[in-house]
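Welcome, and please open the model in your viewer.

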Amino acid sequence: MSRFTELLDDFFYRPDEDVAGLQDFAAGSDGVRAAAPEEIPEEYLAFQLEGECYALPIRGVREISKVPPLTEIPRAEPQLLGLMNLRGELLPVYDIKVRLRLAERPPMVAGPDAPAPPRSARILVLRTEAGPAGVWVDGVVGVVKLKPSMLESPPPGMRVGDRDCVVGMGRRGPSLYILLDAEQALAS
Amino acid sequence: MTPRSKALAEFVAEATEILDALARDLLALDERRGQEADPELVNGIFRAAHSLKGLSGLFGQERIARLAHGTEDLLDRLRLGRLLMDGAVLDALIEVLDAFQALLGEAARGTESEGLSARVEAMAARLASLGAPVEVPEDDPLERLELDAQVRAVFTEYEEHRLRENVRRGVALWRVRAAFDLSDFDKGLAELNARLKPLGEVISTLPSAQPGGAHGIAFDLIFGAQVDGAGLEAGLSGTPAELSPLRVRPAVEAVTHALVRAAEPVAAARDSEAAEGSPPPKRGGGRKKGPRAAATPLAPGVQQQSLPHLGEAAPPEPLEWPAPGAEPAAKPSDSLHALAPTTATELELPPGAAPAPMVAYLQGAAKASRGLSVAPPPPSSAVGTGAGSAPSASAADTSLRSLTQTVRVDIGRLDGLINMVGELLLIKANLQRLAESARQDGAVALSKLFGQELARETRGLERKLEALQEGLLEARMVPVGQVFDKLARLVRRITREAGKEIEFVIGGGDVELDKLIVEELSDPLMHLIRNAIDHGVESPDARLAAGKPRRAVVSLRAEQKGNHVVIEVSDDGAGIDEARVREVAITRGLITFAQAQEMGRRELLNLIFQPGFSTARSISELSGRGVGLDVVKNNLGNLSGIIDVWSERGRGTAFHLTLPVTLAIIRALLVGVSGRTYAVPLNSVLEIVSVQPRDIRTVERREVLDLRGQTLPFVRLARMFALPERPVSRHFVVVVGLAQERLGIAVDELHGQQDIVTKPLGGRLQSIRGISGATDLGNRRTVLVLDVAALLEEGMALERRRA
Amino acid sequence: MKDPVNLLSRRPHAAPDEAAPAADRVVQLCAFFVGTEEYVLDIMRVEEILPPQRVTPIPHAPAFVEGVLHLRGLILPVVDLRCQLLGAPEPETPRTRLLVCKLGMRRVAVKVDRVAEVLRVRRGDIKPAPALRVAGRSPYVVGVCGPPDRLRLLLDLKALLRMELERESSRKPM
């Protein structure tokens, strides 16, 4: 069977696949993308989760807030960390580390026994189909512009969550960002 | 919001208001289908179409503008009497309204579907081709009206038409003259109009040629009265109005007088600009008249000359009514009102004549038995539905929610609120003064006088703030009739589709509720009514066979009961088959056979609110969307409301929805459990007792309390919420109850009462059981508000399961 | 060229990983017809689908290369798969299409008779093809998928092209 697996691997596309013998054949048709006028960079918000660097399209991020006191919600699903009051608006705050397999359990951040949040922690308020929702992140890195040519599929062996929340990778210079799909990450 | 989307939101809000008004008028017209159409309603719809045309043109909404233009044209023809209002026209207008709603929906979403555009085109074409023209009678009754020609010259075509109709119908005509001060004449005129409106129809308002004094302005209102002279005078007492009747000559004299009249104005009009010259007898001409400005240049002398003709100086004569034969169309049921201001009517009225008919467009209309209906339509209105009328618009079941988040607020209310803020500012100033003096002179702070002053200001502040709060809440209130009216239209359609015959009765539409609640009610109510029509009500034949009237009655009523509003949706249909409910519940594993034996009738019926429950044998396209009564119950629960059902086989079913009047501010009890704090709405708290652990007994594995000889089911909130339980020496038990149910909820601590503003939990948080919202306690402390109804139910269910 | 939105809206699959449940991965395949046979390519390999374009023949080009076409500044060789797989050149029909396919960082255009659809297939449902192996060379149909009445052949484009190139070079007198 492993021969079959090999063959099948070759069938599937990878940007760094082996094209021995074909380079001359397809000469003149490689990444002239930089010259193509259609290349529009998109802005992403990059943030940290357990030391790893992730990013979301910026248009899905409504705002970034410091972590306010969260209200615990009884009998809620485990990834719902609590409720936050943002200038009068009540928003749910979620943990996505468990879904991304960065942690076994969601952190305890609400309720009377919860410790104070770390200084760098932030809540990203995201726009989603089901309404605005907050996501707990360990720190915000900043806004990064990624051109389509910088995007790739996740490499093999990438630890991806159980729900395709990871949709790709963005490489810009030495930095690598794991691109997430907010809807998938927050789906219940 | 981008400027563009803000503009769009404004457009949608305004357009919605216009369409709401249009819908109301149209509904009223539809209810009186076959009868004479109230000119006020037609005019109202005309104005609405006109406004909509202008508004949508301004915002570049071309499809809406186009359709509005076509509608406006049609209505103009109607109101000028050049078109008959028949069933086809009404149906077309109803379809147009549907189209407008759909167009507005697309506008709000920013989409444009081809299907809808095609529909608009087709409708516009149809509107243009509608209607049978009215035959213009030979003799113009207006000729018989003794009204100065110059005055007549300034009427618009519409006003002339109205006047003609009034004369034709024998409505008593008056000239109401009133003079006002220049500084507030608009108020005065508005008041006068308000007084006149219930008494009849104001056909025209003209600036009077007779001056109103140095600082005044006078108006002449041409008025068609539905009451007699005495009634009119009584109605206008206190206003500066002077009445003089307008004489209408009998038809026979018409010709001679027309000749006489033709001679006069020539002399009178010498100086004037009524170069419209001698007014020839007017036909139903096509052009609008010149602006009122033509009236003003009349020399005073001219006016003086013609006044006596109008009977001002001479003693008023009773109106002579032309013999019935002279009328172009005999109206046997027309009733007549004589207009001798001092004497009672002397004319013979046809026996059994009802009060004056509304002026109508339909010629030969027989029925005129409605009362003085210039007032707003009575709360109870019947919507008759026949089978197979005009094709319904798209059967797509859209929600009845508003497209906008706006509320209409009476400007008086807003002014009141602004006043209150002004007073608050005063109090603030006082407090500042006190604080300042305390700062400067330390000894003052300790004086008793100072303390008293401070206390007084604070109390005043508290009162004003409460009043402000209340006022603002009131601004959010809207009459529940808003959603009732929308439902009425839907009912027509559903009934037709279901092939049933239904009389839909609405009551209590002016009961007010928070706008949010009213909006949230639309879907549940729609669902319940659908159910009633589809499943509750039998087919006309089945009903007859059962000895019931062919037409079923479905009623929707709202009633205010203190802090709550009860809305009843009921039908006199087949009722809920309790045996079948039990059967289904057992089959679906909702209850065991043993439990079913124990359950009372009411409990059994309430099973229909369980998720996944449906006894519809055939899930028709209309109601089988998988939305069950459990969703209705849930939705209501989110509003802190409850639903109850009563039913009897063969007799009917009634659902009672109990809702709080306002969601926003409630008085709550703050309780502590396992170190967390929750708020319990006080309106569901019956009492609070303190119990020792030993007072809690276990009966058949249920925990109960003995409360004054009665057994009270008991749950521990910590356990329910899966929180760590703390050992306590005593429990505080909050006894809650709704309708007949009671439950004791044990908590660790009581933290006092507070007025809180509840915010509902939106979207993603809907599914949290037992919590109905959250509130801000200040200090950024957000506390969850318990959903007593849900907890009650959970507590009861726990019991049932354990039993 | 596709912008990032497309990348994000697709659900790219992870490359096979022995530890991960690879069989359950759902992959997307672009299905098309050459003659009566239905073939599929990895959707990630197919960048664009074009209607027939003006193809400039190149002198001394290999027989299987029809010519080249210009696409927004790129020069793509055009391979007529119909000629390749059916053995003879076919006339174009209104449904003939050109698939712009990626080979590593380069591209070729591949002419097919008609494009059928994009399928979602569980990787585990892809079976090995009973290949007629030419000794020493990779088969260019590496697998099959789909129901028995509609089998689709997984086309390894690289293998096919390599094979053709080799055939060409062996034909030419060196």
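Start in chain A with the open sheet of six strands, whose order is 8-1-2-11-10-9 with mixed pairing (strands are DSSP runs of E of at least two residues, helices runs of H or I of at least four, both numbered from the N terminus; two strands pair if DSSP finds at least two bridges between them). At its edges you will find strand 8 (139–146) and strand 9 (151–152) of chain A, each pairing on one side only. This is a predicted model, in which local features need pLDDT of at least 70 and side-chain atom pairs pLDDT 80 or more, while totals for chains, interfaces and linings use all residues. Residues are numbered from 1 along each chain as its sequence is written, chains are lettered from A and ligands numbered from 1 in the order written, and side-chain values use heavy atoms, without hydrogens and water.

Next, select strand 1 (residues 42–49) of chain A, which pairs with strand 8 of chain A in the antiparallel sense over seven bridges. Phe47(A) sits opposite Val140(A) in strand 8 of chain A.

Now pick helix 1 (residues 2–11) of chain A, where Phe4(A), Leu7(A), Leu8(A) and Phe11(A) are the buried residues (buried is under 20% relative accessible area, exposed over 50%, partly exposed in between, with a 1.4 Å probe and protein chains only). Looking down the axis of helix 1 of chain A, the buried residues fall within an arc of 100 degrees, so they line one face (the arc is that of the directions from the helix axis to the C-beta atoms). Exposed Ser2(A) and Glu6(A) are on the face turned away from the buried side.

Finally, go to Asp38(B), in the loop between helix 1 (3–31) and helix 2 (39–58) of chain B. Asp38(B) is buried, at a relative accessible area of 8%, and a polar atom of its side chain lies 3.0 Å from the backbone nitrogen of Glu40(B).

Conventions
Polar contact = N/O pair within 3.5 Å; in protein donor to acceptor, adjacent residues only side chain to side chain.
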